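This report concerns a helix and the aromatic contacts of the structure shown below. The model is a predicted one.

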Amino acid sequence: MANAASAANFGGRTSVRVVVVGDRGTGKSSLIVTVAAESFPDNVPAVLPPTRLPSDFYPDRVPVTIIDTSSSPEDRPKLAAECRLADAVVLTYACDQPATLERLSSYWLPEMRRLEVKVPVIVVGCKLDLRENHDDERTLEQVMSPIMQQFREIETCIECSALKQIQVPEVFYYAQKAVLHPTAPLFDQETQTLKPRCVKALKRIFILCDNDRDGALSDVELNKFQVRCFNAPLQLSEIVGVKKVVQEKLPDGVNERGLTLTGFLFLHALFIEKGRLETTWTVLRKFGYDNDIKLRDDLIPAIFKRAPDQSVELTSEALDFLKGTFDMFDVDRDGFLRPAELEDLFSTAPESPWNEVPYKDTAEKSALGGLSLDGFLSEWALMTLLDPASALANLIYIGYAGDPASAFHITKRRRLDRKRQQSQRNVFQCYVFGPKSAGKSTLLNSFIGRPFLDRYTATTHERFTVNVVDQLGGAKKTLVMREIPENEVRKLLSNKESLSACDIAVFIYDSSDEDSWKKAKELLLSVATHGENTGYEVPCLIVSAKDDLEPSSPAMQDSTRVSQDVGVEAPIPVSMKLGDSNNVFRRIVNAALHPHMSIPETEAGRNRKQYQRLVSRSLMFVSVGAAVAVVGFAAYRYYHHQKRTHHYEDILQGNIRIKNIDINRKTKVSSGQQHPIVIVEALNEIKTSTSRFVRPNFIARGSPVALTFSLLFCQNTQARDTGE
């Protein structure tokens with residue numbers, strides 16, 4: 001438990017590996033022995049084995065493993081390997097040897113870059129006790145400032161003396177600190193400002209602590225924040241002192257209500273400038289952030305286990321939260337979120353998630369680039385469909401405080417929807433196939449209200465658009481259009497489950513070009529065949545684009561024939577240039593709502609289904625025949641047993657006379673005389689026979705057909721026995 005808590009407190013780290021490098025004779029090994037033994041050694045090996053400082057050596061209680069290295073040329077490969085495994089590098093020079101100082105910038109630091117060692121570097125001047133004999137009177141800051149300006153990976157510079165026990169433990173303390181509380185994610189050394197992701201995280205923390213939402217942390221709220229992060233309250237005098245420091249440097253950092261966001265950010269910048277990075281890191285980690293300033297994975301519940309043909313949608317609870325958030329950030333009340341307002345909305349997330357593909361420019365926007373409420377919710381629907389974990393994380397970043405499980409809904413499997421002949425989904429994904437220059441991109445652009453462009457630009461990668469489609473009766477469904485470039489189709493269909501996420505497929509062709517239709521037909525048959533082979537069959541529609549041009553008669557006739565042959569709707573003519581969409585998007589959604597219809601059937605698929613029906617029918621006849629045989633045999637056994645039982649009962653009741661039979665004794669019995677010995681033997685035979693009897697109710701557990709055959713068999717048998 002302690003190790004787990006420590007790992008959470010330090011971004012998952014349970015140990016720190018420090019590699020010590022530098023020129024020969026700069027004091028590497030003496031430094032390591034002295035920090036471990038707390039005394040200067042008389043004799044030191046050329047290279048030490050790994051040395052471990054226990055967890056209680058430093059306050060953060062994380063053990064440190066120190067790796068000594070050799071600077072000789074023959075050991076360079078081993079040195080390079082150790083540096084690549086390091087969490088931090090201690091780079092040494094000798095205070096009494098200026099040449100070793102010059103070698104830092106001429107060899108060692110460039111070498112670290114060449115090896116792509118991207119970890120903090122602690123520059124250590126050893127043999128400080130011998131510096132007194134050197135004429136250089138410059139301070140450490142004067143010596144190291146030019147080097148630190150050139151090599152930003154240098155975290156700290158320090159001088160020490162192993163012989164005099166001066167600042168030896170501090171060397172590895174700073175190395176450990178650079179790993180557990182790194183500067184790079186928080187602070188930009190060049191601009192001397194907090195990095196954007198750090199600012200966003202601190203802003204979110206500020207908002208979470210501002211319980212009364214008045215834009216300032218009162219004394220009470222500031223004290224609660226202190227207790228939560230550092231387990232100790234602030235005295236009133238300390239609170240006054242903090243606010244005074246902020247106000248002197250930044251007047252708008254404090255107002256009559258308390259510490260403002262500006263003042264809160266200034267305090268953390270001040271902590272970092274003073275080398276107190278652990279203060280800011282403690283705050284960030286208490287609120288669940290990792291070393292990348294993102295929420296830890298364990299805070300994002302894994303609630304999205306689903307079959308390939310299931311999808312994830314937002315619940316009404318999540319949608320209500322998003323609608324309220326939209327209203328809150330629509331400052332000018334124009335019904336749109338302008339880019340600045342949207343940036344403000346995501347100002348507490350690491351980045352705005354919709355600035356990059358696949359979400360960039362996927363929804364309909366106003367002339368000023370604003371998102372309507374439908375566009376805003378459509379973007380969320382798309383992110384939830386493609387990456388539900390990212391959608392959940394961003395919901396939390398912007399302030400959703402409910403149960404994560406209540407924000408998402410996993411749909412039923414598409415196969416079940418097809419059996420029930422109705423889909424209850426609210427978000428449908430449409431794959432758009434077609435040859436080059438058929439009009440795929442134009443169709444997607446039209447879907448989000450973009451004007452028609454005569455200029456053709458080939459699409460080389462998958463692209464998405466998303467919008468709300470109004471249905472007859474007032475219902476609204478969200479439709480995601482996914483454009484599949486022609487050269488990506490083969491790669492897509494190489495995956496068995498590639499169609500599992502598809503609710504409906506559209507095949508578009510240029511109605512004026514016969515070759516365009518031929519290619520579209522090939523794509524249709526390829527997708528239909530893939531669906532039949534994998535079990536992920538999807539409804540399909542054919543769209544005849546560029547209806548404003550002179551149509552190709554062969555293409556028109558063949559497309560109509562093919563649609564009839566495979567069993568899908570006739571091609572839908574559209575002209576985006578004329579603004580005539582022919583309700584194509586509503587028809588796409590309607591086809592997706594009825595997933596049992598418009599599923600293309602190839603010749604091979606038809607033959608396969610006929611063969612399967614034939615095999616099933618044959619198996620049924622075989623099963624019925626076997627059942628009849630079993631029932632008949634059992635009925636015969638039952639009849640034979642009953643006949644024997646009645647025979648012995650007649651003997652016992654005296655209805656049958658025993659004739660001259662010698663049983664166990666050589667005694668003759670006269671005709672018409674009953675003999676008790678024979679009666680006893682008959683009883684024994686009845687008992688023996690009964691123990692071998694198979695009861696008829698065992699047979700009755702079978703199918704109703706078998707039971708019917710049993711009854712008929714018994715009736716027929718009795719009829720024969722009675723002569724009827």
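Helix H9 covers residues 236-249, and its 14 residues should span 20 Å at 1.5 Å a residue; the C-alpha atoms at its ends lie 21 Å apart, which agrees. Ile239, Lys243 and Val246 are the buried residues of H9. Because these residues cover an arc of only 60 degrees around the axis, they are on the same side of H9. An α-helix has 3.6 residues a turn, so residues three or four places apart point the same way. The exposed residues on the other side of H9 are Ser237, Lys244, Glu248 and Lys249.

The buried residues of H9 pack against helix H8 (219-230), strand E10 (254-255), strand E11 (258-260) and helix H10 (261-273). Leu236 also belongs to helix H9 and counts as exposed, with 57% relative accessibility. From C-alpha to C-alpha, Leu236 and Asp219 are 8.1 Å apart in space, and they are 17 residues apart in sequence.

Turning to the aromatic rings, the count comes to 18 aromatic pairs. In one of them, Phe447 and Phe585 have ring centres 4.7 Å apart and planes at 40 degrees, so the pair is tilted. Phe447 lies in helix H17 (residues 440-447) and Phe585 in helix H21 (residues 584-593), so the pair ties together parts that are 138 residues apart in sequence. Phe447 is buried, at 7% relative accessible area, and Phe585 is buried at 11% relative accessibility. One aromatic cluster is formed by Phe326, Phe346, Trp354, Phe376 and Trp380.

Two arginines lie over ring faces, as tabulated.

| Arginine | Ring | Distance from ring centre |
|---|---|---|
| Arg228 | Phe287 | 3.9 Å |
| Arg415 | Tyr536 | 5.1 Å |

Technical notes
Residues are numbered from 1 along each chain as its sequence is written. This is a predicted model: local features need pLDDT of at least 70, side-chain atom pairs count only at pLDDT 80 or more; totals for chains, interfaces and linings use all residues. Side-chain values use heavy atoms; hydrogens and water are left out. Helices (H or I, at least four residues) and strands (E, at least two) are DSSP runs, numbered from the N terminus. The expected span of a helix is 1.5 Å times one less than its number of residues. Buried means under 20% relative accessible area, exposed over 50%, partly exposed in between (1.4 Å probe, protein chains only). The arc is that of the directions from the helix axis to the C-beta atoms. Contact means heavy atoms within 4.5 Å. Rings of Phe, Tyr and Trp (its six-membered ring) pair if their centres lie within 6.5 Å; planes under 30 degrees apart count as stacked, over 60 as edge-to-face and the rest as tilted. A charge sits over a ring if NZ of Lys or CZ of Arg is within 6 Å of the ring centre and within 35 degrees of the ring normal.
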